[in-house]
Amino acid sequence: MDLIVKTFLPAIVLGLASCIGAAQAADLIVDEAVMPMMAEPAGPSLYVQGLVGLSVTDSLEFSGGPSFPLELGPAFGATLGINTGLGGLALEVDAMASMHEQTETSRYGTQTLMINAKYSFTLTDGFDVYAGAGIGAYGIIEDYDSGTAATWATGYQVMVGATYGLTDQLAIIGEYRYQNSFGPIDFDG
């Protein structure tokens, strides 16, 4: 049986952006007379994000069969990325999971592991907007009282969001993420 699932993940995210190396320079006291006229380009830096949000997938659609309504469900994830130092380009690996209740005894969810490219645009000091896309593994989780099963396929995601830096090391992120498999996912049973 084929299952078509589309996952929408609007998320209000607390991003723990750990920019390694760049933040230590802020502790130096520099006389204004010796400051350069142009800032040095920023080099690569690593960051980590914790993601918490709401998955608004509203139904399971079986091709050639029924469609089942789903309740809103929680979504969690984490991202490890590197700002490349090439404009606003960042490369990431992220993992996400969501779970939706269908009935009191059955739940369906998704798990993803994606490789992303993301580009950020600075609007003001501390406020950026970004867009990105990724490909990777897309899994459907079936959780019944009688047991749990997972079925995996190749999938993709696109995302848009905004980041507001609270400090050099901490930011709040609001993001909308759309995830899907490249085609129907085959289930046994």
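**Notebook: contacts, salt bridges and confidence**

I started at Asp143, which touches Met99, Thr105, Ser106, Arg107 and Thr148, leaving out residues up to four places away in sequence; contact means heavy atoms within 4.5 Å. This is a predicted model, in which local features need pLDDT of at least 70 and side-chain atom pairs count only at pLDDT 80 or more, while totals for chains, interfaces and linings use all residues. Residues are numbered from 1 along each chain as its sequence is written, and side-chain values use heavy atoms, without hydrogens and water.

I placed Asp143 in strand E9 (residues 127-144); strands (E, at least two residues) are DSSP runs, numbered from the N terminus. Asp143 counts as buried because its relative accessibility is 19%; buried means under 20% relative accessible area, exposed over 50%, and partly exposed in between (1.4 Å probe, protein chains only). I found a polar contact of 2.9 Å between the side chains of Asp143 and Thr148. A polar contact is a pair of N or O atoms within 3.5 Å; within protein, one must be able to donate a hydrogen and the other to accept it, and residues adjacent in sequence count only if both atoms are side-chain atoms.

Next I looked up salt bridges (a side-chain nitrogen of Lys or Arg within 4 Å of a carboxyl oxygen of Asp or Glu). The whole structure has five. One of them joins the side chains of Glu92 and Lys118 at 2.8 Å, N to O. Glu92 is in strand E7 (residues 89-101) and Lys118 in strand E8 (residues 106-124), so this pair ties together parts 26 residues apart in sequence. Both Glu92 and Lys118 are buried.

I then took Asp94 and Arg177, whose side chains form a salt bridge of 2.7 Å, N to O. Asp94 lies in strand E7 and Arg177 in strand E11 (residues 171-181), so the pair ties together parts 83 residues apart in sequence. Asp94 is buried at 1% relative accessibility, and Arg177 is buried at 2%. Arg177 also forms a salt bridge with Glu175, with the closest N and O atoms 2.6 Å apart. Glu175 is buried, at 9% relative accessible area. Shared partners join Asp94, Glu175 and Arg177 into one salt-bridge network.

Last, I checked pLDDT, the predictor's confidence in each residue, from 0 to 100. The protein has a mean of 78, and 77% of its residues reach 70 or more. Confidence is lowest in strand E2 (residues 6-15), with a mean of 43, and highest in strand E6 (residues 73-83), at 94.

How values were computed:
Helix = DSSP H or I, 4+ residues; strand = E, 2+ residues; numbered from the N terminus.
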